[in-house]
Amino acid sequence: MAKNKVSEWSATPADNTNVGGIDINEGCAPSGINNAIRDVMAQIKDMQTGADGDNFVVGGNLTVTGTTTLSTDLPVASGGTGASTAADARTNLGLGSIATQASSSVTITGGSITGITDLAVADGGTGSSTLTANAVLLGNGTSALQTVAPSTSGNVLTSNGTTWTSATPAGGIGDGQTWQDVTSSRSMGTTYTNSTGKPIMLVAKAVRNAASSSGIGITMNGILIPICYGTNSNGGNEAVGSIIIPIGATYVLSVTSESLSSYSIYELR
């Protein structure tokens, strides 16, 4: 058989007795050698240009210093992308639209994120991997969010001036309060503050001299309010009155009109 291309050459030297049909066996005509060399050169050129259509196997490493041009797309199974465009390559490799987004501007429209540490508050997260069920979330600067649990049934969210707590709601006047005689600790002209957390009911009794007209007043928020007052014509020498002191209010007791003989102060607190 005429050996017309490199793929038809034999790895056994003795089997290569012709080149392109030109006899190169022992005892061949001298002109056959010249013609055979010319034909070998032509066959190698055809292999280099691909004109012979032969497959080419590299047993070692292939190093290309120039440009490699493929007539067909290199399949994924052979280490390629199976495509000649970037869009088709991403499709073949199973890459979504995120593959085209800049690292400084990524948009996620679906799926889930797993296997990361808790996303910090500074990055738009909570700084926590779990949040107590039914708890109220409290800001904590750049640190992880804090929570306030509901606690006892009927509790309300209460401010202590710094943060929030779950606490029993403060009752109205009389709830958990008792009457107390505070006469010995209340002086006229001294400022007192209702810091009990509830309204206070104050009762004042003024005892006057039989020939005088006098009573007790209280100043709150700059307004003088009479509590009790008696005159020398009312048929008695005592006057009694009461007033509500709001939460946090300051108050000052004072004598109105003439001097008192004595007084008593009681507070429901």
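**Entry 1: strand β10**

How many of the seven residues of strand β10 are buried? I looked this up in the model, which is a predicted one. Six of them are buried, so strand β10, residues 214–220, is largely enclosed by the rest of the structure.

I then looked up the pairing of β10. Strand β11 (residues 223–230) runs antiparallel to β10 and is joined to it by seven bridges. As an example I noted I216, whose bridge partner in β11 is C228.

**Entry 2: helix α1**

I checked the length of helix α1, residues 30–49. Its 20 residues should span 28 Å at 1.5 Å a residue, and the end C-alpha atoms are 30 Å apart, which agrees.

Which residues of α1 are buried? I found G32, A36 and Q43. They cover an arc of only 35° around the axis, which puts them on the same side of α1. An α-helix has 3.6 residues a turn, so residues three or four places apart point the same way. On the face turned away from the buried side of α1, I recorded the exposed residues P30, R38, M41 and Q48.

**Entry 3: a surface patch**

I listed a nonpolar patch on the surface, formed by W9, I44, M47, F56, V58, L62 and V64. Together these residues have about 660 Å² of accessible area. W9 lies in the segment before β1 (18–19). I recorded W9 as partly exposed because its relative accessibility is 32%, between the cut-offs of 20% for buried and 50% for exposed.

Definitions and conventions
Residues are numbered from 1 along each chain as its sequence is written. This is a predicted model: local features need pLDDT of at least 70, side-chain atom pairs count only at pLDDT 80 or more; totals for chains, interfaces and linings use all residues. Side-chain values use heavy atoms; hydrogens and water are left out. Patches are made of residues with over 30% relative accessible area and no salt bridge: like charges are joined within 9 Å, nonpolar side chains (Val, Leu, Ile, Met, Phe, Trp, Tyr) within 5 Å. Accessible areas come from the Shrake-Rupley method with a 1.4 Å probe; for residues, only the protein chains shown count as cover. A salt bridge is a side-chain nitrogen of Lys or Arg within 4 Å of a carboxyl oxygen of Asp or Glu. Helices (H or I, at least four residues) and strands (E, at least two) are DSSP runs, numbered from the N terminus. Buried means under 20% relative accessible area, exposed over 50%, partly exposed in between (1.4 Å probe, protein chains only). Two strands pair if DSSP finds at least two bridges between them. The expected span of a helix is 1.5 Å times one less than its number of residues. The arc is that of the directions from the helix axis to the C-beta atoms.
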